[in-house]
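Hi everyone, thanks for coming. Let me put the structure up, and then we'll walk through it together.

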Amino acid sequence: MGRNLSLPVGILAGIAGLTLYARYIEPSWLIVRRIRLSNLPGSQSPLKIVQLSDLHASESVPLSLIRRAVEKTIQLKPDLICLTGDYITDRYSNWDAYSETLRPLASCAPVYAVLGNHDGGSWASSHVGGYESFKEVTRMLGKAGVHVLRNSHVDFQKGNRLIHLIGLGDVWSKDCKPEKAWDATISENDTIVVLAHNPDSKANARPYPWHLMLSGHTHGGQVVFPGNYAPFAEISDQDYARGLCPYDGRSIYITRGVGNLRGWRFCCPPEITEITL
């Protein structure tokens, strides 16, 4: 009888161990992913961008994890910090503490951000009981010294390298309006970087000139099974669930993000992304 039970008991113990790992260990196992890109137009003066995404401050993602991400970002000594959406999950109340958690970023480097589908708008209010407008999240980011780009652009320069930084509204929120973000001052001879929360935004941005898009939204799938199967990556094009991907002669990087939904991660640890141009 003992021998007959040993196999199922071992299987149950293994399942329990994996469940505990996915719930209590991997969600806080924050790593730094480093990417180097050398084929972008414009000056080849090196420039370091750090991307943070999908912070999802909530019961599942404490400010202590976000604070660790901020501290690690500062240690990387970036020239530019880009935040690519979903700062909350539904409704939130600890706004002052959140601003204070993010504020050190702006003392390190210029910080630019776009908004995600959980941050307000039509999708958030109808699907997760979130805010009808983006004003709460935008105000919190502003108090932290973060500049929000919503279908707009800004020029960023370090040395002789000029970057046209374009921020798009969220596509699920029906706020992605690239026609407002581009104008005649944007030159393809310089580096054009797009911040867009959802990588599906690539179709909206396709008619316009750009070289690199930084996105999040997918959490890299958050739970990834053998065979690189990520059934929970909610995008229309599953080829763009994570990592550096080619697109129409350009590049898109989709980060796994810092936070999560419902507190789980498996074979997909949270990340801070360091991108050196």
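**A walk through the contacts**

Let's start with a salt bridge: E136 pairs with R139, and their closest N and O atoms are 3.3 Å apart. Keep in mind as we go that this is a predicted model. The two residues sit 3 apart in helix α5, so about one helical turn separates them. E136 is partly exposed, at 23% relative accessibility, and R139 is partly exposed too, with a relative accessible area of 42%.

That's one of 12 salt bridges in the count. Now look at D248. Its side chain meets that of R206 in a salt bridge, 3.3 Å from N to O. D248 is in the loop between β10 and β11, while R206 is in the loop between α7 and β9, so this pair ties together parts that are 42 residues apart in sequence. D248 also has a salt bridge with R250, at 2.9 Å from N to O. So is R250 buried or exposed? It's buried, with a relative accessible area of 13%, whereas D248 is partly exposed at 40%. And there's a network as well: salt bridges link R34, K48 and E274.

Okay, on to the inside. The largest nonpolar core has 34 residues, and L83, Y87, Y98, L102 and L141 have the most contacts inside it. Several elements give two or more residues to this core, including β3, α3 and α5. Which element gives the most? That's α2, with 5 residues. If you zoom in on L102, you'll see that it touches L55, I66, V70, M140, L141 and A144, leaving out residues up to four places away in sequence. There's also a second, separate core of 20 residues, with F156, L212, Y253 and L277 among them.

Next, the rings. There are 8 aromatic pairs in the structure. Y21 and F266 make an edge-to-face pair, with 6.4 Å between centres and 85° between planes. Y21 is in helix α1 and F266 in the loop between β11 and β12, so the pair ties together parts 245 residues apart in sequence. W95 and Y131 are another pair: their centres are 6.2 Å apart and their planes at 50°, so this one counts as tilted.

Last stop, the surface. L20, Y24 and I25 form a nonpolar patch there, with about 340 Å² of accessible area together. L20 is placed in helix α1.

Definitions and conventions: Residues are numbered from 1 along each chain as its sequence is written. This is a predicted model: local features need pLDDT of at least 70, side-chain atom pairs count only at pLDDT 80 or more; totals for chains, interfaces and linings use all residues. Side-chain values use heavy atoms; hydrogens and water are left out. Patches are made of residues with over 30% relative accessible area and no salt bridge: like charges are joined within 9 Å, nonpolar side chains (Val, Leu, Ile, Met, Phe, Trp, Tyr) within 5 Å. Accessible areas come from the Shrake-Rupley method with a 1.4 Å probe; for residues, only the protein chains shown count as cover. A salt bridge is a side-chain nitrogen of Lys or Arg within 4 Å of a carboxyl oxygen of Asp or Glu. Helices (H or I, at least four residues) and strands (E, at least two) are DSSP runs, numbered from the N terminus. A nonpolar core is a set of buried Ala, Val, Leu, Ile, Met, Phe, Trp, Tyr and Cys residues joined through side-chain atoms within 4.5 Å. Buried means under 20% relative accessible area, exposed over 50%, partly exposed in between (1.4 Å probe, protein chains only). Contact means heavy atoms within 4.5 Å. Rings of Phe, Tyr and Trp (its six-membered ring) pair if their centres lie within 6.5 Å; planes under 30 degrees apart count as stacked, over 60 as edge-to-face and the rest as tilted.
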